Amino acid sequence: MATPKELSDFLAQAERRAYKQAAYAVRDNHAALDIVQDAMMRLAEKYGAQPANELPMLFQRILQNAIRDYFRRQKVRNLWTTLLSSFSGGNDGEDEHDPLETLAGDAGDSNDPEVQVGRSQTLTIIEHALQKLPARQREAFLLRYWHDMNVAETAAAMGCSEGSVKTHCSRAVHALASTLRTEGVEL
């Protein structure tokens, strides 16, 4: 059984990666923060008494479910927002921003417009390539290569066999590489 200190230490260690994962998935920093906080609360409330070695897999599963719940809620909200916005006459584009700009900020701050445009175009291509992947392939790819989980950990988090994880990852890598080559991105 995990002690309160072990649970606290685990949450402190997992916080940053979980936030990055949620922010990348939902493309909204505030929503990502809420998702991570909710996932942490669920872990502490419902699974705090579990052994410490099971916490990473449980937390990853809770976080993935929270992200899926967010998208389900957004689908309903977007339907009503779209329907209601058709009645308004104005078209405000002020709220639009590039969601990958926050991710691109870590890649170096170049003032050269050509470098900035190239980076922006590459990130857009990568974003579209990831979005084209089936959900399970995208999930396996992100867990394995973004979160550096091994095959067993990824299988436990996704609730499938290790062979399925390997298959999903292999297909995702091949699909991404093919899409990026087609778009002219050098690998």
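Guide: First, a term. A helix here is a DSSP run of H or I, at least four residues long, numbered from the N terminus. The model is predicted. H6 covers residues 135-146. Asp148 follows H6, and its phi is positive, near 55°.

Visitor: How many helices and strands does the chain have?
Guide: Eight helices and zero strands. Along the sequence the pattern reads α-α-α-α-α-α-α-α.

Visitor: How do you know that the length of H6 agrees with its residue count?
Guide: H6 has 12 residues, and at 1.5 Å a residue they should span 16 Å. The C-alpha atoms at its ends lie 15 Å apart, which agrees.

Visitor: Which residues of H6 are buried?
Guide: Gln137, Glu139, Ala140, Phe141, Leu142 and Leu143. Buried means under 20% relative accessible area. Over the whole chain of 187 residues, 31% count as buried.

Visitor: What makes Phe10 and Phe59 an aromatic pair, and of which kind?
Guide: Ring centres must lie within 6.5 Å, and planes over 60 degrees apart count as edge-to-face. Phe10 and Phe59 are 5.8 Å apart, centre to centre, with 85° between the planes. The pair is therefore edge-to-face.

Visitor: Where do the two partners sit in the chain?
Guide: Phe10 belongs to helix H1 and Phe59 to helix H3, 49 residues apart, so the pair links distant parts of the chain. Both Phe10 and Phe59 are buried.

Visitor: Why is the pair of Tyr70 and Phe71 called edge-to-face?
Guide: Their ring centres are 5.6 Å apart and their planes stand at 70°, so the pair meets the rule. The count by this rule is two aromatic pairs.

Visitor: Tyr70 and Phe71: buried, partly exposed or exposed?
Guide: Tyr70 has 10% relative accessibility, so it counts as buried. Phe71 has a relative accessible area of 41% and is partly exposed. That class runs between 20% and 50%.

Visitor: What makes Arg27 a charge over a ring?
Guide: CZ of Arg must be within 6 Å of the ring centre and within 35 degrees of the ring normal. Arg27 lies over the face of Tyr24, at 5.6 Å from the ring centre. Arg27 sits in the loop between H1 and H2. Its phi is positive, near 55°, in a residue other than glycine.

Visitor: Why is Arg27 called partly exposed?
Guide: Its relative accessible area is 28%, so Arg27 falls in the middle class.

Visitor: How do you know which class Gly48 belongs to?
Guide: Gly48 is at 15% relative accessibility, so it counts as buried. Gly48 is found in the loop between helix H2 and H3. Its C-alpha lies 7.7 Å from that of Pro4, although the two are 44 residues apart in sequence.

Visitor: Which residues line the largest pocket nearest its centre?
Guide: Ala25, Ile67, Phe71, Ala135 and Arg138, out of 17 lining residues. The space in this pocket is about 430 Å³.

Visitor: Which elements give two or more residues to that lining?
Guide: Helices H1, H3, H5 and H6. H6 gives the largest share, six residues.

Visitor: What makes up the lining by class?
Guide: Eight residues are nonpolar, three polar and six charged.

Note on methods: Residues numbered from 1 in each chain as written. Predicted model: local features only at pLDDT ≥ 70, side-chain atom pairs only at ≥ 80, totals over all residues. Heavy atoms only, no water. 1 Å grid on protein atoms, 1.4 Å probe; cavity = no way out; pocket = protein on both sides within 12 Å on 5 of 7 lines; lining within 4 Å. Points joined across faces, edges and corners; volume = space filled by probe spheres on them. Nonpolar A, V, L, I, M, F, W, Y, C, P; charged D, E, K, R; others polar. Expected span 1.5 Å × (residues − 1). Buried < 20%, exposed > 50% of the residue type's maximum accessible area, 1.4 Å probe, protein only. Phe/Tyr/Trp six-rings, centres within 6.5 Å; stacked < 30°, edge-to-face > 60°.
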